[in-house]
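Dear colleague,

I am passing on the structure below, and would be glad if you could look through it alongside the notes that follow.

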Amino acid sequence: MAGLAAALELSHLGYRVRVIEQASAPGGKIRQVPSMAGPVDIGPTVLTLVHVFRDLFDTVGENLDDYIDLVRQKILVRHWWSDGTSLDLFDRHDSNLDAIQDVFGSVARQEYAKFHRETADLFDAFDAPMMRNPEPTLGSMNRVVLQQPSLIKKMRPHQTLAGYLSGQFSNPKLGQLFGRYATYVGGSPLASPAMLGLVWQAEARGVWAIRGGMGKLARTIEQLAVNRGAHFSYDTQVERLDVHNDKVRGVYLDNGEYIAANFVVFNGDPQALALGHLGTGGTPAVPGSQRTMARSLSAYVWGFAAKYSGPDLIHHNVFFADETNSEFRDIKRGIFPTDPTVYICAQDRGKNMSYPDTERFEMIVNAAPASQMAPSQEDFSQCNDKVLNRLAKFGITFQTQFETRNLTTPRQFAARFPGSDGSLYGPSPSGMLSALKKPKTQSPIAGLYLVGGGVHPGAGVPMVTLCARHAVAKITGAPISTSMSRQTVTPGGMSTA
Ligand SMILES: Cc1cc2nc3c(=O)[nH]c(=O)nc-3n(C[C@H](O)[C@H](O)[C@H](O)COP(=O)(O)OP(=O)(O)OC[C@H]3O[C@@H](n4cnc5c(N)ncnc54)[C@H](O)[C@@H]3O)c2cc1C
């Protein structure tokens, strides 16, 4: 997505752009597999911070809504526990307060209100100086804290997310629920800083589904870039960077072609450069301190079509493990969780349309990066049995024949995304200052820019799009224009004071 966004903006500005992609289609981790019910998304499904895409389209003189049919989800996620407890979270704060009170009581309501308020303060305080800043430093972080000293208490610098949540919520189910947000950026709540509770805010501010699936966003951006003269070559790998006197001069492709270039925007995993996969010339792009950063989580991902029977699903559903954080202890040991939390995206639901009898599903179980996996953890029937047995406890059955092609494992992710070790979200977010340690878009090699989930501001479809915009701003020397205020509903309409 970062490569596509950079290609669109640069071609719009009149640069001659070539995109070299080793896969057969655009999108990278935004990927589909065929099924009897049509293409199934097997990458990202939770689309948040839509204003980032609106800004990108505005910048190239287009309107996102002319191309992408967005459906805002009133119910963000439906959560289930095997004792029969179920909780919906909504895109309205007051609805969440009521829902939490209905299921967990009035103390839980107050605890959630405090959690929401504090994470909102953190999100708002750090959005501009960290996320939107192409090169945040300890100084920029300190300045925010000096201006609002009350943030320190909310940041809880010495606590993990799991530790903070277990003190914040009397009911462990709510700690488990909000701890899961660390996995959105590839972290375990047991190792992530308490501050990562702010990831909830990205979702609380709106989740959208795309009619036609996430792939539509990637294909649309590709087409808009083509319309502006960008040229895409698929099934083609960049084998080596041509670097001379600390400046990039072009790239060598696996088909023997050489492309001379003034600028190269690298959207692969920065570790691929560090490990010398693109030749020794590219290794200085990632300084030593960034080469030893721990990797974020990987996942087992299923994509399939089936007739479903079980509890009433919405678009996004989470079926929790019985014991909070047991899955993260198993993942640390490199084994498939004995008691996994399973995310299910029922892709045909939540789009204000009737859904077919045979539906499309994506299922995700978190996992360790490939190199930390114990041997034999990728056995297809074992993984399948464990997750289907777990779902059977919730009364769920899928009427379909699961085949190996339905599952992508951490090792398969590692093969698909070179240098990634199968980790899906770049460096691990463990440690208070991990956000500052990530590679930045301007590399130490002149003309070489890094974009994507392994680069500041990090993983997630909107984040990597922001990252691309940082790279374009560096290349053109112009600051990016991203709106500081999100579109919102204002009570009172025109009569608002
Ligand atoms: C299962 C899953 C679920 C996710 N869920 C969500 C979600 O719900 N919401 C969300 O916001 N994010 C989610 N994410 C994360 C999100 O998908 C990623 O952060 C984002 O899409 C990564 O984009 P990127 O720009 O880093 O590029 P990538 O998607 O990593 O693509 C990089 C591209 O570079 C190509 N490439 C690499 N090296 C070379 C080379 N040498 N030559 C040619 N081509 C090369 C690769 O083939 C690939 O196409 C999820 C990810 C996964 C895998």
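Leaving aside its neighbours within four places in sequence, which residues is Tyr234 in contact with? Before the reply, please keep in mind that this is a predicted model. The contacts of Tyr234, once those sequence neighbours are set aside, are Glu21, Ala23, Ser24 and Ala25. Tyr234 itself sits in the loop that runs between strand 8 (231-233) and strand 9 (238-244), and it is exposed, because 12 other C-beta atoms lie within 10 Å, where the cut-off for that class is 12 or fewer. Its C-alpha atom is separated by 36 Å from that of Ala128, a residue 106 places away along the chain.

Turning to the ligand, I find that 31 residues surround it, the closest being Ala2, Gly28, Pro44, Gly268 and Gly452. Two or more residues of this shell come from each of helix 1 (2-12), strand 13 (298-309) and helix 18 (461-476). By residue type, the shell around the ligand divides into 18 nonpolar, 11 polar and 2 charged residues.

The last point concerns helix 8 (residues 161-168), in which Leu161, Ala162, Tyr164 and Leu165 are buried. When helix 8 is viewed down its axis, these buried residues fall within an arc of 160 degrees, and they therefore line one face of the helix. As background, an α-helix has 3.6 residues a turn, so residues three or four places apart point the same way. What the buried residues of helix 8 pack against is helix 9 (172-179).

Conventions:
Residues numbered from 1 in each chain as written. Predicted model: local features only at pLDDT ≥ 70, side-chain atom pairs only at ≥ 80, totals over all residues. Near = placed C-beta within 6 Å. Helix = DSSP H or I, 4+ residues; strand = E, 2+ residues; numbered from the N terminus. Nonpolar A, V, L, I, M, F, W, Y, C, P; charged D, E, K, R; others polar. Buried ≥ 20, exposed ≤ 12 C-beta atoms within 10 Å, placed from the backbone. Contact = placed C-beta atoms within 7 Å. Arc of directions from axis to C-beta.
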